[in-house]
Amino acid sequence: MKVYVPRDSAARSVGADEVAERIAALGDVEVVRTGSRGMLWLEPLVEVETPRGRVGYGPVAPEDVDGLVAAGMLEGGGDQLGLVDELPWMKRQQRLTFARVGVVDPLSADDYTAYGGIVGLRQAFALDPAEVVETVVDSGLRGRGGAGFPTGIKWRTVLGAEADLKFVCCNADEGDSGTFADRMLIEGDPFTLIEGMAIAAYAVGASEGYVYLRSEYPDAVATLKAAIEVARARGWLGPDILGSGFGFDLHVRVGAGAYICGEETSMLESLEGKRGMVRAKPPIPALEGLFGCPTVVNNVLSLATVPTILAHGAESYAAYGTGRSLGTSVFQLGGNVARGGIVETAFGISLGELVNDFGGGTASGRPVRAVQVGGPLGAYLPVEQFDLPMDYEAFAATGAMVGHGGIVVFDDTVDMASMARFAFEFCAAESCGKCTPCRVGAVRGVETIDRIVAGEDRQQNLVLLEDLCELMTDGSLCAMGGLTPMPVRSAVRHFGKDFE
C-alpha cells in the first residue's frame, strides 16, 4: 500500500514530516514523499493509492492520523476529498510544466522515466542542434522570468556565436512577492529542470551549466544537488550523455538573497564572484555572458518547459494559449486569498477567473479591492479590470505586466498610498546603486509620497511624482528602477482617493 505525503517546504511548514512519520509507524505502508500538488490551503495533503486512483485527505494534522486510519483512510474511505485528479482545482488546469509535481518522488529516476521523463532529451539528440532551437522557436515559448522574451530567439543567438566555451545559466533567484513556482518545481520535479538545461546545452553547444538558487530555499538547494548526483549516475549529465557523445555538467550556486540578482547580468556578476551589480547592455549575455562567453540565461519555468516541447512537438505546445502568448503559464495565487497555490493553465484565462474561481476571493471574506500581478514592481489592478486576459500583450497595453505569474490579492482594507510608498521603499533597499535614477529616485519617491499623503502641496507633488516616475522609467539601467514606477502609477491612477 502506498501513501503519498508532500515533502515540499510549504507542506513541511505545517507538519507534513510529522504526518509522514505517524503513517509510516503504522507498518505495512509505503510512504512516498512527493512535491506539492499546489493546493496549499489543503496542506498537508495525504493521498492514498486505491484501485480507482489516488484519494486525497487534507489538511491532515499529525493528531488526525489515527482517527483517519480508524475511519478507513488506508482503504480510501472515511472523510475524504475524493480523487485528487478529479478535484475541480486540478481538473480545470492544463499541467504541462508541472505534470509530475506532486505525483512522483522527486529524487526517483525510475519515477521520472515512468512518467515520461528523458523522452525530450532523447528526441533532442535525434535532431541537429539547429533543429532543436527551431523547435523551441516554433513552440512560441517565452521567458517566464518576467520580460517574456522568446526563448528560442535567445538560443538561436547563442548557437550562432563563435566561441570555444559556452554556458547555460538558470536564474532561480525567485525574489518576487507572491511567487513560489520555481521553488515548488525544483523541490517537486528537479529532473525536469536538469533535462531542460541539458537540451538547451546541446542546442547551443554549451558544455557547462549553473543554477543560481537563492539561499532562502534550503530545501530546494538540497533537493537539486541530490538530483544532480542521481542524474550523473544515470548518465543524464556528464561527458557522454546517453551515449550521444555530447558532454554537459551542471552545478548549483547559492545566492546571498539580493533581489537585484534576479536580473540576468547581476546574476552573472554574482556567479563570477563579484558584487551583484547590473551590467550595461549591449553586449547582451547571449554574446558576452558568464566570464565573457556566450550564455543562455533562462528562468526555471522556461527551461523546465523545454522537455515537454521536445517530447510532444512544437505544434502541440503552441496549440495552447492566445495571440503571441502561447502555451501554458504557471500562475501563483497569494496574499489575502482563500485558496492560495499553483494554477497551470493556458494563457488567455482572465484575471478574475484566477482570483475568484480558483482563489475563491479573499481569505478575510471581505471584497477584493486590488491585485498586484508580476511581483513588487508589477501594477496594481482594480476589480474593474478582472476581465483582463492573462496575456503578455494585453497586460502591456493596460500598463501592467504578467511577469513571473505571481498574483497577490488585497481586500478593501488596503491603503494603496502605502502600497505605492512600499514600491519606492523596496527599490531603495534593493537597488544595486549603480545608476542614479534608481538609487536616488527611489528615495525621493518615498519622500514625495509622504508629502502627498500629509497634504503638502498635493497637486504640485503629484505632478512631481509623475515626473520622477518618467525619469526612472526612461533613465534607469535595468528593470529594477525602470519598473518601480509601474505599481506607483497604477495606484495613483486606479486608487487616487487613497492619496488624498
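In the predicted model, Phe-331 stands opposite Val-343 of strand 13. The strands involved, strand 12 (residues 328-335) and strand 13, pair in the antiparallel sense over six bridges. Both belong to an open sheet of five strands, arranged in the order 13-12-16-14-15, in which the pairing is mixed. In general, the strands of a sheet pair through backbone hydrogen bonds, in either a parallel or an antiparallel manner.

Helix 15 (residues 351-358) has as its buried residues Leu-351, Gly-352, Leu-354, Val-355 and Phe-358. The cover over these buried residues of helix 15 includes strand 12, strand 13, strand 14, strand 15 and strand 16 (406-411), together with helix 4 (88-91). After helix 15 comes Gly-360, which has a positive phi, near 70 degrees.

The crossing in which helix 17 passes helix 21 is left-handed. On the side of helix 17 the contact is made by Met-416, Ala-420, Ala-423 and Phe-424, and on the side of helix 21 by Pro-487, Val-488 and Ala-491. Divided by class, the residues of this contact between helix 17 and helix 21 comprise seven nonpolar, no polar and no charged residues.

A second pair of helices shows another arrangement. Helix 10 (residues 190-204) and helix 13 (residues 300-312) pack at an angle of about 80 degrees, with their axes 7 Å apart. Because angles of 65 to 115 degrees count as roughly perpendicular, helix 10 is described as roughly perpendicular to helix 13. Helix 10 contributes Thr-192, Leu-193, Glu-195, Gly-196, Met-197, Ile-199 and Ala-200 to the contact, whereas helix 13 contributes Val-300, Leu-303, Ala-304, Val-306, Pro-307 and Leu-310. The residues of this contact of helix 10 with helix 13 divide into ten nonpolar, two polar and one charged.

Backbone geometry was also examined in the loops. The peptide bond from Gly-58 to Pro-59 is cis, with omega near -10 degrees, and Pro-59 is placed in the loop between strand 4 (53-57) and helix 3 (65-70). Another cis peptide bond joins Lys-281 and Pro-282, where omega is about 5 degrees; Pro-282 lies in the loop between helix 12 (264-271) and strand 9 (295-299). The loop between helix 12 and strand 9 also holds Phe-291, a residue that has a positive phi of about 55 degrees although it is not a glycine. Phe-291 is partly exposed, with a relative accessible area of 49%. A positive phi, of about 45 degrees, is likewise found for Asp-457, which is not a glycine. Asp-457 has its place in the loop between helix 18 (436-453) and helix 19 (458-475), and with a relative accessible area of 53% Asp-457 is exposed.

A further loop residue is Ala-256, which is found between strand 8 (249-255) and helix 12. Ala-256 is exposed, with a relative accessible area of 79%. When residues up to four places away in sequence are not counted, Ala-256 touches Tyr-212 and Ser-215. Ala-256 and Leu-237 are separated by 19 residues in sequence and stand 27 Å apart in space, C-alpha to C-alpha.

Notes:
Residues numbered from 1 in each chain as written. Predicted model: local features only at pLDDT ≥ 70, side-chain atom pairs only at ≥ 80, totals over all residues. Heavy atoms only, no water. Pairing = 2+ DSSP bridges. Helix = DSSP H or I, 4+ residues; strand = E, 2+ residues; numbered from the N terminus. Buried < 20%, exposed > 50% of the residue type's maximum accessible area, 1.4 Å probe, protein only. Contact = heavy atoms within 4.5 Å. Left-handed = near helix turned anticlockwise from the far one by under 90°. Nonpolar A, V, L, I, M, F, W, Y, C, P; charged D, E, K, R; others polar. Axes fitted to C-alpha atoms, helices over the stretch in contact; angles between N-to-C directions. Parallel < 35°, antiparallel > 145°, perpendicular 65-115°, else oblique.
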